[in-house]
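Student: I have a structure to read, and I keep meeting words with cut-offs behind them. Can we go through them one by one?

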Amino acid sequence: MSNKSELRRWAKQLLAALTKQEKITEAAKICHKINALSAYQNAKRVAFFLSMPDENALAAGKSCFVPRYTKECMNMYKVKDWEDVLTLPKTKWNIAQPEDAREDALSNGGLDIIIVPGLLFSKTGGRLGRGKGYYDSYIKRLRGEGLTGPTLIAIGFDCQLVDDVPMQEHDQRVDHILTASHHVVVQENPS
């Protein structure tokens with residue numbers, strides 16, 4: 001299977017086959033691994049996606065940012081605390097998003113870490129997202145601003161880690177991949 005759309009369908013089937021208890025168990029192990037990473041411990045500015053909320057980062061006093069999607073792009077906006085996250089307005093698709101009248105990570109120092117979602121991840125740092133290119137475009141913009149970092153940490157269930165994911169020129173590789181059973185540190189120039 002090398003076609004990205006076929007891989008996405010296959011990955012969604014893998015995820016649908018996981019039980020609720022498997023997801024809860026694996027997610028707890030992943031959260032523990034994130035908190036143990038020195039890059040995470042030293043980070044001051046962290047972005048995460050809302051289906052993987054990170055109360056720990058907010059409690060640890062980190063500046064936290066979450067995505068806001070438009071048709072054209074994605075931006076990361078600051079959230080104050082967990083109550084702020086819980087009260088974010090919802091889109092017509094029932095997705096919680098911050099309004100754009102908040103601090104934008106790009107306008108004020110960038111990010112140290114982005115916790116990146118995906119459907120599949122390869123052991124060489126490849127990531128197969130949902131097909132819109134939001135994260136790849138955002139990371140490219142962030143790096144284009146001349147800001148150092150960010151460290152990209154992909155998280156997923158064990159079944160999402162595969163040997164290979166097709167990559168195109170615009171696709172951004174991640175630095176770490178964390179699953180319940182694995183921590184892959186990606187080399188800079190995979191062969």
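Tutor: Start with burial. Buried means under 20% relative accessible area, exposed means over 50%, and partly exposed lies in between, with a 1.4 Å probe and protein chains only. Helices (H or I, at least four residues) and strands (E, at least two) are DSSP runs, numbered from the N terminus. This is a predicted model, where local features need pLDDT of at least 70, side-chain atom pairs count only at pLDDT 80 or more, and totals for chains, interfaces and linings use all residues. Residues are numbered from 1 along each chain as its sequence is written, and side-chain values use heavy atoms, with hydrogens and water left out.

Student: Which residues of α1 are buried?

Tutor: Lys4, Leu7, Arg8, Ala11 and Leu15.

Student: What makes them line one face of the helix?

Tutor: Look down the axis of α1. The arc is taken from the directions from the helix axis to the C-beta atoms. The buried residues of α1 fall within an arc of 100°, so they line one face. The face turned away from the buried side carries the exposed residues Arg9, Gln13, Ala16 and Ala17.

Student: What do the buried residues of α1 pack against?

Tutor: They pack against α2, β5 (120-122) and β6. Contact here means heavy atoms within 4.5 Å.

Student: Why is Trp10 called partly exposed?

Tutor: Trp10 sits in helix α1. Its relative accessible area is 31%, so Trp10 counts as partly exposed. In space, Trp10 and Leu120 are 9.7 Å apart, C-alpha to C-alpha, although 110 residues separate them in sequence.

Student: And why is Leu14 called partly exposed?

Tutor: Leu14 also belongs to helix α1. Its relative accessible area is 25%, so the label is partly exposed. The C-alpha atoms of Leu14 and Gln160 are separated by 7.9 Å, at 146 residues apart along the chain.

Student: How does the reach of α2 compare with the expected value?

Tutor: α2 has 17 residues. From first C-alpha to last it reaches 25 Å, close to the 24 Å expected.

Student: What makes the buried residues of α2 line one face?

Tutor: The buried residues are Glu26, Ile30 and Ile34. They fall within an arc of 85° around the axis of α2, so they line one face. On the other side of α2, Gln21 and His32 are exposed. The cover over the buried residues of α2 includes α3 (38-42), β4 (113-116), β7 (151-155) and β9 (176-178).

Student: What puts the buried residues of α6 on the same side?

Tutor: In α6, Tyr135, Asp136, Tyr138, Ile139 and Leu142 are buried. They cover an arc of only 165° around the axis, which puts them on the same side of α6. Lys140 and Gly144, on the other side, are exposed. Among the elements covering the buried residues of α6 are β2, β3 (74-79) and β4.

Student: Why is Ala43 called buried?

Tutor: Ala43 lies in the loop between α3 and β1 (45-47). Its relative accessibility is 6%, so Ala43 counts as buried. Leaving aside neighbours within four places in sequence, Ala43 is in contact with Lys62, Asp112 and Ile113.

Student: Why is Val185 called partly exposed?

Tutor: Val185 is in strand β10 (residues 183-185). Its relative accessible area is 48%, so Val185 is partly exposed. Apart from neighbours within four places in sequence, Val185 is in contact with Asp175 and His176.

Student: What makes a space a pocket?

Tutor: On a 1 Å grid over the protein atoms alone, a pocket is an open set of points with protein on both sides within 12 Å along at least five of seven lines, and lining residues have an atom within 4 Å of a point. The largest pocket holds about 1400 Å³ of space. Its lining has 44 residues, and Phe49, Ser51, Tyr69, Pro117 and Arg130 lie nearest the centre.

Student: Which element gives the largest share of that lining?

Tutor: α2, with 4 residues.

Terms used. 1 Å grid on protein atoms, 1.4 Å probe; cavity = no way out; pocket = protein on both sides within 12 Å on 5 of 7 lines; lining within 4 Å. Points joined across faces, edges and corners; volume = space filled by probe spheres on them. Expected span 1.5 Å × (residues − 1).
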